[in-house]
Amino acid sequence: QEMDASYNQIDITPSLTQASVIAYSALTGNLPVTITKPVKGGTPQSTIAATTQYTGTIAWEGSPTTFAASTVYTAKVELTAKPGYQFANGVNPTVAGSDSVTDVNVKDSGSKLEFKATFPKTNDKDTPACVAPTGVTATFGSALSTITLTNPAGNTAGKWYWMDNAQKVGNVKDNPHTYKAKFVPTNTANFSTVENIDVTVT
């Protein structure tokens, strides 16, 4: 008995998906980054002004809300490359006004660049306006600790303290005496404490 065989032909056509290739402009060599130099009493910068190549953020070591006097500050910077750009290994970020740029690190396939920029010490503290209190009175033999000093109008905000609280007041009624006091400003970050100020007691 003859048997007919029936065959179905299957065409196998390779299906190739073409991988898309994205071209990047490599950011190499010196890369200028603008950061406002810390100054006493200033507000820390938190973002980097966007360029055509990247955006960025700043976190300051110590998390200051304002910059204090006589202090060295370091900015921890993270830059993010914009579409079409990529940070190359060996890129050298530069920050005008800084003393050093360290801990440079390219990560996330070149999309991120981290580094630290350390700036010079901010200016020294200012001398506060601290005109001595007047009209201070006391009774003979009382301790200075019993006499409260009021900060005169026009002075820098702050408080007055006697240098020696235990010192006794002499016969100031007939012979006014001066006693040493110190002025402590409220803003100790930017103003210095002044000691041994003469205060007349009558």
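Strands here are DSSP runs of E with at least two residues, and they are numbered from the N terminus, as are helices (H or I, at least four residues). Going by that numbering, Ser98 sits in the loop between strand E7 (92–94) and E8. The model is a predicted one, so to speak of local features a pLDDT of at least 70 is needed, side-chain atom pairs count only at pLDDT 80 or more, and totals for chains, interfaces and linings use all residues. Residues are numbered from 1 along each chain as its sequence is written, and side-chain values use heavy atoms, with hydrogens and water left out.

Back to Ser98. A polar atom of its side chain lies 2.8 Å from the backbone oxygen of Val95. Contact means heavy atoms within 4.5 Å, and, not counting residues up to four places away in sequence, Ser98 touches Ala117, Thr118 and Phe119.

Thr118 is buried, at 19% relative accessible area; the cut-offs are under 20% for buried, over 50% for exposed and partly exposed in between (1.4 Å probe, protein chains only). With its neighbours within four places in sequence set aside, Thr118 is in contact with Val72, Tyr73, Thr74, Ser98, Asp99 and Ser100. With Thr74 there is also a side-chain to side-chain polar contact of 3.0 Å. A polar contact is a pair of N or O atoms within 3.5 Å; within protein, one must be able to donate a hydrogen and the other to accept it, and residues adjacent in sequence count only if both atoms are side-chain atoms.

Strand E9 (residues 112–118) runs antiparallel to strand E8 (residues 100–107), and six bridges join them. Two strands pair if DSSP finds at least two bridges between them. Asn105 has Glu114 in E9 as its bridge partner. E8 and E9 make a hairpin with four residues between them, and Asp108 in the turn has a positive phi of about 50 degrees.

Now for the inside. A nonpolar core is a set of buried Ala, Val, Leu, Ile, Met, Phe, Trp, Tyr and Cys residues joined through side-chain atoms within 4.5 Å. The largest one has 22 residues, and Ile35 and Leu79 have the most contacts inside it. Strand E4 (54–60), strand E5 (74–81) and E9 each supply at least two residues of this core, with E5 giving the most, four residues. Apart from it lies another core of 16 residues, among them Ala132, Val169, Ala181 and Val201.

Aromatic rings turn up together too: the whole structure holds five aromatic pairs. Rings of Phe, Tyr and Trp (its six-membered ring) pair if their centres lie within 6.5 Å; planes under 30 degrees apart are stacked, over 60 edge-to-face and the rest tilted. Trp60 and Phe67 have ring centres 5.2 Å apart and planes at 80 degrees, so this pair is edge-to-face. Both are buried, Trp60 at 8% and Phe67 at 3%. Ring pairs link Trp60, Phe67, Tyr73 and Phe119 into a cluster.

Strand E11 (residues 177–185) is joined to E12 by six bridges, and Ala181 stands opposite Ile197 in E12. In the loop between E11 and E12 lies Asn187, partly exposed at 32% relative accessibility.
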